[in-house]
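Please consult the sequence and the structure below alongside the text.

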Amino acid sequence: MVLNPGAYKRKAKADYDRKRARPDWERESKDWGLRRRYGMTLAEWEHKYDAQDGCCAICLSLLPREVSRRVHVDHDHVPRTLRGLRCGTCNQGLGNFKDNVDALRAAADYLEKHALAAAWRDRIS
């Protein structure tokens, strides 16, 4: 039981402000978050980013340099392996297919079939 909730809140805020005032706080916070979520360090994330030339592993769009919610770490849940970094659009697209390779192939075949039909129509007219 907290006897003086106001004093507890003031102390917690002071601790938080003191921690945030350190110059390396943001980097340590991002490193901790990556370790907790994916088991990778910030240095490993930066290496993966550089290996992909700062681009999404799927569509090759440019990714922001900093660890943020706009850069998604692609990982396999079962064997707990990291595959690469993706943009939000590709992350959502693969998520909608639930990593089902057959469904992705069927979607690609569908798009190719209709793209060929459209090209054929354009050619005839």
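Cys55 is found in the loop between H3 and E1; helices (H or I, at least four residues) and strands (E, at least two) are DSSP runs, numbered from the N terminus. The model is a predicted one, in which local features need pLDDT of at least 70, side-chain atom pairs count only at pLDDT 80 or more, and totals for chains, interfaces and linings use all residues. Residues are numbered from 1 along each chain as its sequence is written, and side-chain values use heavy atoms, with hydrogens and water left out.

**Confidence**

- The protein has an average pLDDT of 88, and 96% of the residues score at least 70; pLDDT is the predictor's confidence in each residue, from 0 to 100.
- Where pLDDT is low, the predicted coordinates should not be read in detail.

- Cys55 is buried, with a relative accessible area of 17%; buried means under 20% relative accessible area, exposed over 50%, and partly exposed in between (1.4 Å probe, protein chains only).
- Leaving aside its neighbours within four places in sequence, Cys55 is in contact with Leu60, Ser61, Leu62, Leu63 and Leu85, where contact means heavy atoms within 4.5 Å.
- Cys55 and Glu66 are separated by 11 residues in sequence and by 13 Å in space, C-alpha to C-alpha.
- Leu60 also lies in the loop between H3 and E1, and Leu60 is exposed, with a relative accessible area of 60%.
- Although Leu60 is not a glycine, its phi is positive, at about 65°.

**The largest nonpolar core**

- A nonpolar core is a set of buried Ala, Val, Leu, Ile, Met, Phe, Trp, Tyr and Cys residues joined through side-chain atoms within 4.5 Å.
- The largest such core has 12 residues, namely Leu34, Met40, Leu42, Trp45, Tyr49, Cys56, Leu63, Val71, Val73, Leu85, Cys87 and Cys90.
- Two or more residues of this core come from each of helix H3 (42-51), strand E1 (71-76) and strand E2 (81-87), and H3 gives the most, with 3 residues.
- Tyr49, a member of this core, is in contact with Gly54, Leu63, Pro64, Arg65 and Leu85, leaving aside its neighbours within four places in sequence.
- In soluble globular proteins, nonpolar side chains tend to be buried together.

**The largest pocket**

- The largest pocket has a volume of about 350 Å³; grid points are joined across faces, edges and corners, and a volume is the space filled by probe spheres set on the points.
- On a 1 Å grid over the protein atoms alone, a pocket is an open set of points where a 1.4 Å probe fits, with protein on both sides within 12 Å along at least five of seven lines, and lining residues have an atom within 4 Å of a point.
- The lining of the largest pocket has 15 residues, of which Arg37, Tyr38, Val67, Ser68 and Arg69 lie nearest the centre.
- Helix H2 (25-38) and E1 are the elements that give two or more residues to this lining, and H2 gives the most, with 8 residues.
- The lining residues divide into 7 nonpolar, 4 polar and 4 charged; Ala, Val, Leu, Ile, Met, Phe, Trp, Tyr, Cys and Pro count as nonpolar, Asp, Glu, Lys and Arg as charged, and the others, Gly among them, as polar.

**The loop between H4 and H5**

- Asp99 lies in the loop between helix H4 (88-96) and helix H5 (101-124), and Asp99 is partly exposed, with a relative accessible area of 38%.
- Asp99 is not a glycine, yet it has a positive phi of about 55°.
- Phe97 is found in the loop between H4 and H5 and is partly exposed, with a relative accessible area of 31%.
- Phe97 is in contact with Ala103, Leu104 and Ala107, leaving aside its neighbours within four places in sequence.
- Phe97 and Cys87 are 10 residues apart in sequence and 16 Å apart in space, C-alpha to C-alpha.

- Ala12 lies in helix H1 and counts as partly exposed, at 36% relative accessibility.
- The C-alpha atoms of Ala12 and Leu104 are separated by 49 Å, the two residues being 92 residues apart along the chain.
- Trp120 has its place in helix H5 and is exposed, with a relative accessible area of 53%.
- Trp120 and Arg70 are 50 residues apart in sequence and 38 Å apart in space, C-alpha to C-alpha.
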